[in-house]
Amino acid sequence: MNLIYTGKTKNVYELENGNYLLKFKDDCTGKDGVFDPGMNEVGLTIDGVGAVNLRMSVYFFEKINAAGIPTHFVSADMDNVTMEVKPAKVFGKGLEVICRNKAVGSFFRRYSEYVEEGADLPAYVEMTFKNDAKGDPLVTKDGLVVLGVMTEKQYDTTKELTQKITQIVADEMARRDLVLYDIKFEYGYDANGDVMLIDEIASGNMRVYNKNGEYIDPMTLSELFFK
């Protein structure tokens with residue numbers, strides 16, 4: 001295997017068959033030893049967190065694939081904490097796609113004059129460029145097209161897939177008496193320009209609350225999910 005990228009929580013290797021291997025690590029984002037999925041630096045190491053993130057990712061990728069939604073997922077090796085994936089190009093220099101069912105977090109901070117915190121949202125989709133220095137700026141459909149990052153068709157497909165996948169995740173949370181407020185995805189595209197879901201679907205990529213409106217931290221969420 002050829003190591004081609006060292007990330008904060010995963011390393012990426014190139015395989016001889018043309019696919020890639022993601023090696024999940026126990027490193028977590030945070031600061032001063034405190035876990036925070038929103039941070040952009042490694043702040044601590046938690047034994048077993050890589051395996052937990054892989055387990056949840058595999059669980060959802062299998063459900064999403066079964067629903068006929070294209071993803072990069074091929075297979076996983078839980079013993080070695082790795083996931084084999086199909087090759088995909090990222091949009092631009094990296095794009096995050098957020099689907100919001102509730103008005104919380106940065107959405108509420110931006111629009112608090114117009115909406116109450118926790119208000120229902122209709123699977124609202126927004127996209128941001130992955131750029132720590134610029135604060136992950138929001139970008140519109142027109143902006144993505146004008147900048148040559150996405151075609152209109154790719155944008156529309158990404159939005160549609162995001163809402164479908166979010167519903168799958170929300171339904172699984174509801175089965176466990178949990179409520180999905182929002183979730184973050186990443187997408188790429190294949191040689192034909194077809195959009196597919198990439199990266200991971202772990203507890204650190206979503207904001208989940210219990211029926212009493214209490215926030216559940218990612219590590220606790222993972223434990224509750226597979227209880």
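Leaving aside its neighbours within four places in sequence, which residues is Ala 170 in contact with? Let us start there and then walk through the rest of the model.

1. **Ground rules.** This is a predicted model, in which local features need pLDDT of at least 70 and side-chain atom pairs count only at pLDDT 80 or more, while totals for chains, interfaces and linings use all residues. Residues are numbered from 1 along each chain as its sequence is written, and side-chain values use heavy atoms, with hydrogens and water left out.

2. **Ala 170.** The answer to the opening question is Asn 101 and Leu 180, where contact means heavy atoms within 4.5 Å. Ala 170 belongs to helix H4; helices here are DSSP runs of H or I with at least four residues, strands are runs of E with at least two, and both are numbered from the N terminus. Ala 170 counts as buried because its relative accessibility is 16%. The cut-offs are these: buried is under 20% relative accessible area, exposed is over 50%, and partly exposed is in between, using a 1.4 Å probe and protein chains only. Gly 7 is 163 residues from Ala 170 in sequence, and their C-alpha atoms are 28 Å apart in space.

3. **Helix H4 as a whole.** The buried residues of H4 include Gln 154, Tyr 155, Leu 161, Ile 165, Val 169 and Met 173.

4. **Helix H1.** After H1 comes Gly 68, with a positive phi near 80 degrees.

5. Most residues other than glycine have a negative phi. Two residues are worth a look with that in mind. Ala 123 has a positive phi of about 50 degrees although it is not a glycine, and its place is in strand S11. Asp 199 also has a positive phi, near 70 degrees, and is found in the loop between strand S14 (195-198) and strand S15 (206-210).

6. **Thr 128.** Strand S11 (residues 120-129) also holds Thr 128. Is Thr 128 buried or exposed? Thr 128 is buried, because its relative accessible area is 8%. Beyond its neighbours within four places in sequence, its contacts include Gly 94, Leu 95, Glu 96, Pro 137 and Val 139.

7. **The second largest pocket.** This pocket holds about 150 Å³ of space. A pocket is an open set of points on a 1 Å grid over the protein atoms alone, with protein on both sides within 12 Å along at least five of seven lines, and lining residues have an atom within 4 Å of a point. The volume is the space filled by probe spheres set on the points, which are joined across faces, edges and corners. Among the lining residues are Gly 92, Lys 93, Gly 94, Phe 129, Pro 137 and Val 149. The lining divides into four nonpolar, three polar and three charged residues. Here Ala, Val, Leu, Ile, Met, Phe, Trp, Tyr, Cys and Pro count as nonpolar, Asp, Glu, Lys and Arg as charged, and the others, Gly among them, as polar.

8. **Cysteines.** How many disulfides does a search of the whole structure find? The search finds zero, with a disulfide taken as a pair of cysteine sulfur atoms within 2.5 Å. Cys 28 is buried, with a relative accessible area of 3%, and Cys 99 counts as buried at 0%.

9. **Thr 9 and Asn 11.** Thr 9 sits in the loop between strand S1 (2-6) and strand S2 (10-14), and counts as partly exposed because its relative accessibility is 23%. Asn 11 is found in strand S2 and counts as buried at 12%. Leaving aside neighbours within four places in sequence, Thr 9 is in contact with Lys 23, Phe 24, Lys 25 and Asp 27, while the contacts of Asn 11 include Leu 3, Tyr 5, Lys 23 and Lys 25.

Notes:
On a 1 Å grid over the protein atoms alone, a cavity is a set of points where a 1.4 Å probe fits but cannot get out, and a pocket is an open set with protein on both sides within 12 Å along at least five of seven lines; lining residues have an atom within 4 Å of a point.
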